[in-house]
Amino acid sequence: MMRITGAVAVSAMLTLGAAACGGDDEGSGGGDGVTIGVMGDLTGENSGLVIPPKNGAQLAIDQYNATNPKVKITLKTYDSQGKPEQATTLVQGAIKNDKIAGLIGPAFSGESQSTGPILEEAKVPSVSPSATQITLAEKGWKYWHRVVADDAVQSAGAGEFIINQLKAKKVYTVHDNQDYGKGLADSIGNAVRGKGAEVQSDPVDDKATDYSSTVNKIKSYNPDVVYYGGYYSVAGRLFKQLREAGVKAKLMSGDGSVATGLIEGAGQQNAQGVLLSCGCLIDEAGTTNAKSKKFADDYLAKFKTPVGVYSGEGYDAATAFIEAVKAGNTDPEKINQFLSSVSFDGVGKPIKFDAKGELASQDIFVYEVKDNKLPLLGNTKEAKVG
């Protein structure tokens with residue numbers, strides 16, 4: 001992923017006006033308001049990871065606006081297609097032209113790397129529902145936050161699951177050579193190696209469709225588990241080719257693959273039994289707690305589809321901004337100050353940020369492909385594979 005070479009100069013003080021025209025929040029109307037942006041891949045090949053959190057954010061804001069508050073919130077979408085260079089242009093316009101008071105996103109780690117300096121320069125807070133790269137919290141950014149555990153937490157939990165539950169002695173990691181994918185695969189490799197497993201690794205081109213070279217290496221190595229770091233579009237193609245080549249290893253990937261698009265790409269038969277790790281809680285049945293149940297019911301009623309990957313995190317990210325506005329904060333800097341102490345029970349976990357903008361909650365969850373769905377098995381300490 002590209003990185004931006006320098007931050008743009010933008011106004012440090014963003015003025016508050018009427019709710020911006022052209023916003024996507026159907027609940028907004030006249031009167032004073034603030035605009036919150038949501039950014040990510042909304043139309044590209046990995047949009048299945050971004051539409052659910054965007055919808056979750058929309059639900060939270062629509063519910064808030066329906067209470068007829070003094071200050072309404074407009075949610076404005078920015079389709080970066082997950083491309084860092086596109087995200088940088090969009091975030092500049094969002095700040096200078098749309099006067100956003102905060103940003104939900106960006107969704108992916110690469111675009112978060114690129115937009116972070118711009119948001120920091122402008123003093124505009126962001127809360128990502130899904131960017132998990134470890135180094136994002138190491139930049140010293142004061143306006144950056146996320147409501148999902150990072151890849152260090154994910155790799156530790158997934159590594160423990162691979163060793164303790166899958167009883168793996170040999171693990172093969174594959175990645176797309178991008179910020180997020182390589183970081184996750186490398187961390188998984190280190191985690192299982194530290195517990196005594198043998199590890200080999202290979203990168204693939206995320207623009208390619210033929211992975212026969214990597215497939216042959218994996219087949220020769222004969223691992224117990226293959227773990228892919230990257231997004232579901234590539235994971236689907238890779239897993240399809242592995243199964244067609246006769247590879248019998250357990251196939252596993254991370255949060256970037258928790259989407260039914262993985263099943264479509266691999267083919268339903270090839271995808272059966274694929275395991276997925278994620279810091280996100282997808283509780284379609286609403287069995288975790290009462291708040292999770294209400295959210296799942298409300299989401300289904302509004303969007304006519306069950307909750308998906310990061311939909312709860314999108315709702316929680318929007319709720320963090322809503323709580324700031326409800327407390328009387330409409331200026332971006334004051335909203336950011338409020339976020340440093342915000343604390344509430346989210347859809348599936350407590351939402352509270354540390355000094356680096358990291359979430360305090362550390363749970364990682366495991367999902368398994370069954371038919372055309374991705375049911376929750378439990379957290380990495382409890383999940384059992386039949």
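This is a predicted model: local features need pLDDT of at least 70, side-chain atom pairs count only at pLDDT 80 or more; totals for chains, interfaces and linings use all residues.
**Nonpolar cores**
- The largest nonpolar core has 97 residues, and Ile104, Ile162, Phe239 and Leu242 are the ones that touch the most other members.
- Helix H11 gives the most to this core, contributing 8 residues.
- Another core, of 12 residues, lies apart from it and includes Tyr78, Ile95, Ala122 and Val124.
- As background, nonpolar side chains in soluble globular proteins tend to be buried together.

**Helix H1**
- H1 covers residues 51–65, and its end C-alpha atoms are 21 Å apart, in agreement with the 21 Å that 15 residues should span at 1.5 Å a residue.
- Because 12 of its 15 residues are buried, H1 is largely enclosed by the rest of the structure.
- Among the buried residues are Pro52, Pro53, Ala57, Leu59, Ile61 and Tyr64, along with Asn55, Gln58 and Asp62.
- The buried residues of H1 pack against strands E2 (72–79) and E3 (102–104), and against helices H10 (290–303) and H11 (311–326).

**The disulfide**
- How many disulfides does a search of the whole structure find? It finds 1, formed by cysteine 278 and cysteine 280 with their sulfur atoms 2.0 Å apart.
- The torsion about the S-S bond is about 125°, so this disulfide is right-handed.
- Cysteine 278 counts as buried at 0% relative accessibility, and cysteine 280 is buried with a relative accessible area of 0%.

Notes
Residues are numbered from 1 along each chain as its sequence is written. Side-chain values use heavy atoms; hydrogens and water are left out. Helices (H or I, at least four residues) and strands (E, at least two) are DSSP runs, numbered from the N terminus. The expected span of a helix is 1.5 Å times one less than its number of residues. Buried means under 20% relative accessible area, exposed over 50%, partly exposed in between (1.4 Å probe, protein chains only). Contact means heavy atoms within 4.5 Å. A disulfide is a pair of cysteine sulfur atoms within 2.5 Å. A nonpolar core is a set of buried Ala, Val, Leu, Ile, Met, Phe, Trp, Tyr and Cys residues joined through side-chain atoms within 4.5 Å.
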